There are 2 protein chains.
Amino acid sequence: MAEVKVFKSIMERNDTAAMKNRKLMNGALCLNIMSSPGAGKTTLLEKMLMAARKKIKTAVIEGDVATSNDAERIKKYTAPGAVYQIKTENFGGGCHLDAKMITNALRKVGLPRKKYDLIIIENIGNLICPAGFFLGEDKKVVIISVTEGDDKPLKYPGMFREADLVIINKVDLLKHVKFSMRKVKENIKKINSRTDVLSLTATRMQDVKQFTAWVEKQRQNTAG
Amino acid sequence: MAEVKVFKSIMERNDTAAMKNRKLMNGALCLNIMSSPGAGKTTLLEKMLMAARKKIKTAVIEGDVATSNDAERIKKYTAPGAVYQIKTENFGGGCHLDAKMITNALRKVGLPRKKYDLIIIENIGNLICPAGFFLGEDKKVVIISVTEGDDKPLKYPGMFREADLVIINKVDLLKHVKFSMRKVKENIKKINSRTDVLSLTATRMQDVKQFTAWVEKQRQNTAG
C-alpha cells in the first residue's frame, strides 16, 4: 500500500510540474522524442535543425543517463544558450525524464524570457519508462529503427500507444535485415490507429524534409 | 523520505528473493541476458540452443512487456516445459524483471525437481532498469548491436559496469553504419575493465560458437 501511495504521489507531482512547464514554454510547440538507444534521435535532430534553423527558432533539451555528447552535437545547429543537457545519473541513474527536470531545463534555455517557436525534448533511450511521464509536450514522437525488428510495436505497446508520430528509421538498411514494412505498419495500427507514420533514413537530408514538414504542420495547428 | 524507504524495501525484498532463486536453480549456471530492444538476444539464443541442445540441458525464462513471441521462437529448441514467458504488463508494464518474477518462473520450468545444466533469463529490452535488479544469476551478459552506435557504453554506464560479457552483435552490418570497433572496445574498457568481449553476427551459426564456448567455460568454472 505504501508503494501505491508513493507511486501516486510521484505521478501527481509530475503532472503538476508538466502543467507548469506548459506555461513556461510560452506558446512554443513542444515535441517529446522517444526511442530505444541508438535508433537515430540525435541524427534526425541534427539534420532537421541544419535545414530549418533559420526558419524555426528552436530550443533543445537533451536527456541522457551520462555524457554531454548529444548536446555537443546539437549545439552546432542552434543559437547560443538554446541547448541544455540533462544527465539523469545525477538523479540516481534515472531511466526517463520527468517534468521537474524539464522545468529546470526550460529555465536554463532562457524561458519564459526568450521566445522559441519549437522546443524539442530528446528523451532517454528507452522504449518503456519514458512513455509514463508527461513532460508538458504537445506531441510525442516515437522512432523505431528497422534493425530492431518489425514486432517491436506489439512488444512495447505502452510507448506506441502514446505516439502522435511514429518514425520508421534506417530504411536504407532494409535490404540487409529481416524486417517487413507492411508488418510493422500493421503492428503500429493494431496498437494505435490514430498515429501518423513516416519512414525515412535520418542521415539523408532529403528524407528528413518529411519530418520537418510534419513539424511545420503541427506548429500551424497549435498556433491556429 | 517515504520514497527512499519504499525503494530500499523493494531492493531488499528483491535481493532476498534472488538468494532464494539461487537455491531453486539447483546447481545450474544462470545467465541474465540484457540489451536494448532488437539487439539480437532471442536470435543468439535460438542459434546457441540449436547447436547445443543435445549437450546442454537448458531452461529459458523469457521477459517481455507484452506478447509470447520470444517463448514461441525458443520452444522449438528446448525440451517440453523448459521455457516460460513472463509478461511484465501483467505487473503494471514493468521495465525490468525482478527476482520474485523469476522465483515463479523457475517453479514453472520444473525447478527444483528437474535438473538443468543452464538457465537463461532473457531480460526486457532496456539498457537501463534491468541492471539494477539482481535475479540470482551467476553472470550478466550485455548485447550491443553495431547499429546502436559506439558511444553506448559511455551513455549507459550502469548496464556495462555490471557485465561479465559484452557481445557486440550484427558485425555483418559494419560496412553500412558509422561504428568503430576500436572505439566501442575502448569505451567498454573505460566503464568496465574486467568484462569479456565477443564480436559476432548472431544469425551466423559459425559466429555463435564463440558464445557457446564462453558458456561452456563458465559452466566449468561454476562446477569447479
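**Helix packing and burial in a predicted model**

In chain B, helices α1(B) and α4(B) are roughly parallel to each other (angles under 35 degrees count as roughly parallel). The structure is a predicted model, in which local features need pLDDT of at least 70, side-chain atom pairs count only at pLDDT 80 or more, and totals for chains, interfaces and linings use all residues. Residues are numbered from 1 along each chain as its sequence is written, chains are lettered from A in the order in which they are written, and side-chain values use heavy atoms, without hydrogens and water.

Helix α1 (residues 2-24) and helix α4 (residues 99-108) of chain B pack at an angle of about 25°, and their axes are 8 Å apart. The contact (heavy atoms within 4.5 Å) involves residues of α1(B) including Asn14(B), Ala17(B) and Leu24(B), and residues of α4(B) including Ile102(B), Thr103(B) and Arg107(B). Six of the contact residues are nonpolar, three polar and three charged (Asp, Glu, Lys and Arg count as charged; Ala, Val, Leu, Ile, Met, Phe, Trp, Tyr, Cys and Pro as nonpolar; the others, Gly among them, as polar).

In chain A, helix α2 (residues 41-52) spans 16 Å from its first C-alpha to its last. Nine of the twelve residues of α2(A) are buried, so this helix is largely enclosed by the rest of the structure; buried means under 20% relative accessible area, and exposed over 50%. Among the buried residues are Leu44(A), Met48(A) and Ala52(A).

Lys55(B), in the loop between α2 (41-52) and β2 (58-64) of chain B, is exposed, with a relative accessible area of 59%. Leaving aside neighbours within four places in sequence, Lys55(B) is in contact with Asp117(B) and Glu216(B). The C-alpha atoms of Lys55(B) and Asp117(B) are separated by 9.2 Å.

Key
Helix = DSSP H or I, 4+ residues; strand = E, 2+ residues; numbered from the N terminus. Expected span 1.5 Å × (residues − 1). Buried < 20%, exposed > 50% of the residue type's maximum accessible area, 1.4 Å probe, protein only. Axes fitted to C-alpha atoms, helices over the stretch in contact; angles between N-to-C directions. Parallel < 35°, antiparallel > 145°, perpendicular 65-115°, else oblique.
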